[in-house]
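Hello,

Here is the structure I promised to pass on to you. Please open it first, and then read my notes below alongside it.

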Amino acid sequence: MGINNLTLDNYKPLRDVVFENIRTAIMDGTLKAGERLMEIQLAEQLGVSRTPVREAIRKLELEGLVIMLPRKGAYVASISKKDLFDILELRVGLEGMAAYYAAERITKDEIKELERISAVLKDLADKKDLENMLKVDEEFHNFIFEITGNARLKSTMLAIWEPAYRFRLKYMSEYSSAVNIVEEHSKIMEALKKGDGDLAEKLAKEHIERTEQFMVEELMQDETV
């Protein structure tokens, strides 16, 4: 395991900092699928007691990122190809629904925030910083879910997507159509600004279908999943 000692955040409780650190390590692949999570070892690496580590593992289990095996302990959750394909299919529908409702409910301040995120994404794409670009891409989509004001829609999306997100980082880091992602985001944003729910839904679905199709093709060729 390659988790480093924590950088403490004075504005967050220690348990939250520990949770976010372990969660990030799972999402970016530092802690790999099937890897056992040892409380003592994690506590030593993070420079904390076992209590916040134990609390973090329990919370990660609720998110589907960790599984508890009787008499064996906690492990980073694995996921099958079939599960990934099912998740990708669901994401297309949920993204379309979110874009539709976001177009009806978006405010001027939210438009400005989407424009800010889009500008950051374009800058990263120009620099060919694909790893950070993918993270900002996800921020763009998550913010659209925020705009809907539908907490259950957002929580449903997170519940199905977060266990698979680390695989997106793995396969999409080689995605060559960075400029297309920026252009597609721009089109979605324009539809949201116009309040055109039908168009926003259509564009969002097409965007997810295109980007995730690349991931599916990579998954089909990978024997390690």
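**Between the two domains**

Across the interface of domain 1 and domain 2, the search turns up 0 salt bridges, where a salt bridge is a side-chain nitrogen of Lys or Arg within 4 Å of a carboxyl oxygen of Asp or Glu. Before I go on, a word on what you are looking at: this is a predicted model, in which local features need pLDDT of at least 70 and side-chain atom pairs count only at pLDDT 80 or more, while totals for chains, interfaces and linings use all residues. Residues are numbered from 1 along each chain as its sequence is written, and side-chain values use heavy atoms, with hydrogens and water left out.

The domain assignment gives domain 1 as 14-76 and domain 2 as 81-222; such bounds come from an automatic or database domain assignment. The C-alpha centres of the two domains lie 27 Å apart. In terms of contact (heavy atoms within 4.5 Å), 9 residues of domain 1 meet 5 residues of domain 2. The area buried between the domains is about 630 Å², with carbon and sulfur atoms giving 56% of it. Buried area here is the accessible area (1.4 Å probe) that two parts lose on being put together, summed over both. Which residues of domain 1 lose the most area to domain 2? They are M27, E63 and L65, which together make up 57% of what that side buries.

Strand β2 (residues 66-69) pairs with strand β3 (residues 73-76) in the antiparallel sense, over 4 bridges; two strands count as paired if DSSP finds at least two bridges between them. V66 stands opposite V76 in β3. The two strands form a hairpin, with 3 residues between them.

Have a look at R71, which is found in the loop between β2 and β3. R71 has a positive phi of about 65° although it is not a glycine. Is R71 buried or exposed? R71 is exposed, at a relative accessible area of 84%. The terms work like this: buried means under 20% relative accessible area, exposed over 50%, and partly exposed in between (1.4 Å probe, protein chains only).

K128 gives you another case of a positive phi in a residue other than glycine, with a value near 60°. K128 lies in the loop between α5 and α6 (130-148), and with a relative accessible area of 70% K128 is exposed.

**Helix α4 and a neighbour**

Helix α4 (residues 81-105) has 25 residues. From its first C-alpha to its last, α4 reaches 36 Å, close to the 36 Å expected at 1.5 Å a residue; the expected span is 1.5 Å times one less than the number of residues. Among the buried residues of α4 are L84, I87, L88, R91, E95 and G96.

E206 has its place in helix α9 (residues 197-221) and counts as partly exposed, at 25% relative accessibility.

**Salt bridges**

How many salt bridges does a search of the whole structure find? The search finds 18. Here are some to look up:

- R54 and E39 form a salt bridge, their closest N and O atoms being 3.3 Å apart. This pair links distant parts of the chain, with R54 in helix α3 (residues 50-62) and E39 in helix α2 (residues 39-46), 15 residues apart. R54 is partly exposed, at 28%.
- K122 and D126 form a salt bridge with closest N and O atoms 3.1 Å apart. They are separated by about one helical turn because they sit 4 residues apart in helix α5 (residues 108-126). K122 is partly exposed at 44%, whereas D126 is exposed at 52%.
- E190 and K193 form a salt bridge with closest N and O atoms 3.4 Å apart. Both lie in helix α8 (residues 178-194), 3 residues apart, about one turn of the helix. E190 is partly exposed at 33%, and K193 is partly exposed at 34%.

Finally, R91, E95, E138 and E212 are linked in a network of salt bridges. R91 and E95 are among the buried residues of α4 mentioned above.

Best wishes
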